Amino acid sequence: MPAPKPFPDVFRLVTLVTVQCSGGCPAPYGAGEPPLFDTIDDAISILRDMCWVFVGDRALCPACAAAADCALTGHQWEPWTADTVEGLACTQRTCRHCAEQEYQPPLADLEVIVRTMRDVDGDPDA
Ligand SMILES: [Zn+2]
Ligand SMILES: [Zn+2]
């Protein structure tokens, strides 16, 4: 005869459902607690209302779904606009679908220029 469990009317084992984006991002987990759902059907229904996409056995958060779309069909760029990066003039455009940003000159080149300018100026923080 098994020993009686302590607090039989206090603690109960329950099963809840969590979700993880298949796109490799941390969604929906930020710094807070992960959302819990009563059933997988509940999770799918609620997440669909939040613009998650379920394809095959993959679940994609809205950002990863948009990025997957753009990877297949190309970005939907807004027009180029003037911008500055670390005080350097450049142009920038944003994809209206996935929010990807592109710089001209490319961000990597701008960072090299900024680093070179700091080296020339002898900035001790560089
Ligand atoms: Zn994601
Ligand atoms: Zn895009």
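In sequence, the residues that donate to the zinc ion (ligand 1) show the spacing C-x3-C-x35-C-x2-C. The model is predicted, with local features requiring pLDDT of at least 70 and side-chain atom pairs counted only at pLDDT 80 or more, while totals for chains, interfaces and linings use all residues. Residues are numbered from 1 along each chain as its sequence is written, chains are lettered from A and ligands numbered from 1 in the order in which they are written, and side-chain values use heavy atoms, with hydrogens and water left out.

The protein donors of ligand 1 are the SG atoms of Cys 21, Cys 25, Cys 61 and Cys 64, at 2.2 to 2.3 Å from the zinc ion. Donors are N, O and S atoms within 2.8 Å of the metal (3.2 Å for Na, K and Ca); water is not among the atoms, so sites may look incomplete. The 4 donor atoms subtend angles of 106 to 113°, and the arrangement is therefore tetrahedral (four donors with all angles between 85 and 135 degrees). Cys 25 lies in the segment before H1 and Cys 61 in the loop between strand E2 (58-60) and H2, so that this pair ties together parts 36 residues apart in sequence. Helices (H or I, at least four residues) and strands (E, at least two) are DSSP runs, numbered from the N terminus. Cys 61 is buried, at 4% relative accessibility; buried means under 20% relative accessible area, exposed over 50%, and partly exposed in between (1.4 Å probe, protein chains only).

Distant parts of the chain are linked by His 75, in the loop between helix H2 (62-73) and strand E3 (81-85), and Cys 95, in the loop between strand E4 (88-94) and strand E5 (101-104), 20 residues apart. His 75 is partly exposed, with a relative accessible area of 33%, whereas Cys 95 is buried at 2%.

Strands E4 and E5 pair in the antiparallel sense over 4 bridges (pairing requires at least two DSSP bridges between two strands). Gln 92 stands opposite Tyr 103 in E5. The hairpin of E4 and E5 has 6 residues between the strands, and Ala 99 in this hairpin takes a positive phi near 70°.

Val 10 is located in the segment before helix H1 (40-49) and is exposed, with a relative accessible area of 54%.

How values were computed: Four donors count as tetrahedral if all angles lie between 85 and 135 degrees; four count as square planar and six as octahedral if opposite donors are over 155 degrees apart and all others between 65 and 115; anything else is irregular.
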